[in-house]
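Visitor: I would like to learn how to read side-chain contacts in a structure. Could you walk me through a few?

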Amino acid sequence: MSSPLLSVSGLTKRYRRGGKTIAAVDNVSFHIEPGETLALAGPSGSGKSTIARLVLRLVQPDAGDIQFKGEDFLALGGATLRARRARLQMVFQDPLAAFNPRATVARVLDDPLRIHGIASRSERPRRIAALLERVGLSPDLAPRAIHEISGGQRQRVAIARAIATKPSLIVLDEAVSALDVSVRGQILRLLLDLQREERIAYLFISHDLGVVRAIAHRLVILDAGTIAESGDARTVIDAPQSAIGKALVVAAPKLDRTGP
Amino acid sequence: MSPLRRFLRMPEALAGTAILAVLFAMALAAPLIFPGDPQAIAGPALLPPFQDWSLPLGTDRLGRDVLAELFHGARTSLAVGLAAAAAALAVGAIVGTLAGFAGGLVDDVLMRITDAFQTVPSFLLALAFVSAVGPSLGVVVVAIALGAWTGPARVARAEVLSIRERDFVAGARVIGMHPLEIAFREILPNALPPVLALSSVIVAAAILTEAALSFLGLGDPNRVTWGGMIAEGRAVLRTAPFLSIIPGVALVLTVLGVYLAGEGVIETTAVRRSLS
Ligand SMILES: Nc1ncnc2c1ncn2[C@@H]1O[C@H](COP(=O)(O)OP(=O)(O)OP(=O)(O)O)[C@@H](O)[C@H]1O
Ligand SMILES: [Mg+2]
């Protein structure tokens, strides 16, 4: 059997707040196979975003181990880590906050191509146009400022930036939560298409079990930094075992049990 | 309403801009209107103003044309003021960005250095530096900047501390951007507006410091300066007060102009930022 794409074990992160320490993430273990979508769900403050930031090496864990593509990801640093980041990308919840307010669409997409030496300077405009088309946007948007396009278009640009370096795994932290329902459906479809065609794995963070059910293969439900239950996404959502799982299912608005 | 229209509606800002415009015109026109050496003797000594229309503001103790000196002095004041402020803002922005972005030991060391510079009165610092190195235009600029960069550094650091927590900085790290590029290309331009808001005060202070150094005889000896003119006039303050009053008024108007125009710009851009 081949080793998983990402394997996390015993991940722990504590924050000190007002004298006492709280474990935002407490001994969490999971793994993701190539081309698979693993969803992380849980109430607010259960540690979902913290896990995303730990996996992306934006914060350092207090304990635990992260293996990415068979490599000790926590041992990497400096230029090696920056190079490896090409394979592990992220899409944020608020697409406006995720981009430099002074940037244009073209610059946002130019950065990863330049940093990872994917295309020469003269070749990049063509690559940027291709990326925009890949996510269903017109290449005419390239010269626009980030704040001059709609929220849905912006999230597509964020996805275009994430796939620019041909990653194996994209972490999506509430990536569709801020979008209108109609736009949300389109973005989810885009994500499914990309996954099918490029075999990208997703770590999909969402509090919306309806969305999770539509896109995820497996689901991990978190509660106060620990794993409450996990398993096949539909199985867990249709028959949650943990108290928190049941509460989340009850709270989910008109859960679509038929699936996509 | 466009920012320009709003700016034009503020009388103080307009007055400040008008003063600055006259000043810049004087500085630029000085070598054309008074092509000769302004320090050359042009007529009888101590000629009062408005007596001889070829020397409208009269002459000083050595018979030098006061108007020519005033024009050439505007050049020095503006050049030194702008250069020193630009140097102070650039150094402050860079130090503040590095301290705020790097954090930890780098932050501690840089802020300790900033503290040290801030505890010494900036004029004493400038005085000591010019006395040690010797007066020339470049040295005066560095001397003034030495005491003026700490304010911008603190403001830049505070701004960077809040910006570095924002998602787009995390996004830049995720795409593998080098930390220096993140600091100077992603963060610094966004931290700049409040730093630049200090520029009018810094330019005004730099012009005053330059005048004070020149008054003490520590200005560039090869250039006419208003501070130097005031110092010259002091010897004959009772008999020819105009020799001190004219450059003194020019200095006050300049500082006022810089300040008023600067405040106007800040006010209009602040409104625009709060609207967007
Ligand atoms: N930088 C930090 N400093 C202190 N505490 C933090 C920090 N980041 C997160 N926490 C705490 O860790 C816990 C988990 O936060 P996290 O953001 O991971 O939750 P979440 O599951 O993403 O919540 P939400 O659904 O609201 O986004 C919370 O109690 C939070 O207050
Ligand atoms: Mg979160």
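This is a predicted model: local features need pLDDT of at least 70, side-chain atom pairs count only at pLDDT 80 or more; totals for chains, interfaces and linings use all residues.

Visitor: Which residue forms a salt bridge with A:Arg218?

Guide: For a salt bridge, look for a side-chain nitrogen of Lys or Arg within 4 Å of a carboxyl oxygen of Asp or Glu. Here the partner is A:Glu36, and the closest N and O atoms are 2.6 Å apart. The pair ties together parts that are 182 residues apart in sequence, because A:Arg218 lies in strand S9 of chain A, while A:Glu36 lies in the loop between strands S2 and S3 of chain A. A:Glu36 counts as buried, at 10% relative accessibility.

Visitor: And what does A:Glu71 pair with?

Guide: A:Glu71 forms a salt bridge with A:Arg84, with 2.8 Å between the closest N and O atoms. A:Glu71 belongs to strand S5 and A:Arg84 to helix H2, both in chain A, so this bridge links parts 13 residues apart in sequence. A:Glu71 is partly exposed, at 25% relative accessible area, and A:Arg84 is partly exposed too, at 31%.

Visitor: How many salt bridges are there over all chains?

Guide: A search of the whole structure finds 22. One of them, in chain B, joins B:Arg164 and B:Glu165, whose closest N and O atoms are 3.4 Å apart. B:Arg164 is partly exposed at 29% relative accessibility, whereas B:Glu165 is exposed at 55%. Elsewhere, bridges with shared partners connect B:Asp60, B:Arg61, B:Arg64, B:Glu69 and B:Glu232 into one network.

Visitor: Now the rings. What describes a pair of aromatic rings?

Guide: Two values do: the distance of the centres and the angle of the planes. Over all chains, the structure holds 4 aromatic pairs. In one of them, A:Phe68 and A:Phe73 sit 5.6 Å centre to centre with 65° between the planes, an edge-to-face pair. Both A:Phe68 and A:Phe73 are buried.

Visitor: Why is the pair of B:Phe50 and B:Trp53 called tilted?

Guide: Their planes are at 45° and the ring centres are 6.3 Å apart, so the pair is tilted; planes under 30 degrees apart would count as stacked and over 60 as edge-to-face.

Visitor: Are B:Phe50 and B:Trp53 buried or exposed?

Guide: B:Phe50 and B:Trp53 are both exposed, while A:Phe68 and A:Phe73 are buried.

Methods. Residues are numbered from 1 along each chain as its sequence is written. Chains are lettered from A and ligands numbered from 1 in the order in which they are written. Side-chain values use heavy atoms; hydrogens and water are left out. Helices (H or I, at least four residues) and strands (E, at least two) are DSSP runs, numbered from the N terminus. Buried means under 20% relative accessible area, exposed over 50%, partly exposed in between (1.4 Å probe, protein chains only). Rings of Phe, Tyr and Trp (its six-membered ring) pair if their centres lie within 6.5 Å; planes under 30 degrees apart count as stacked, over 60 as edge-to-face and the rest as tilted.
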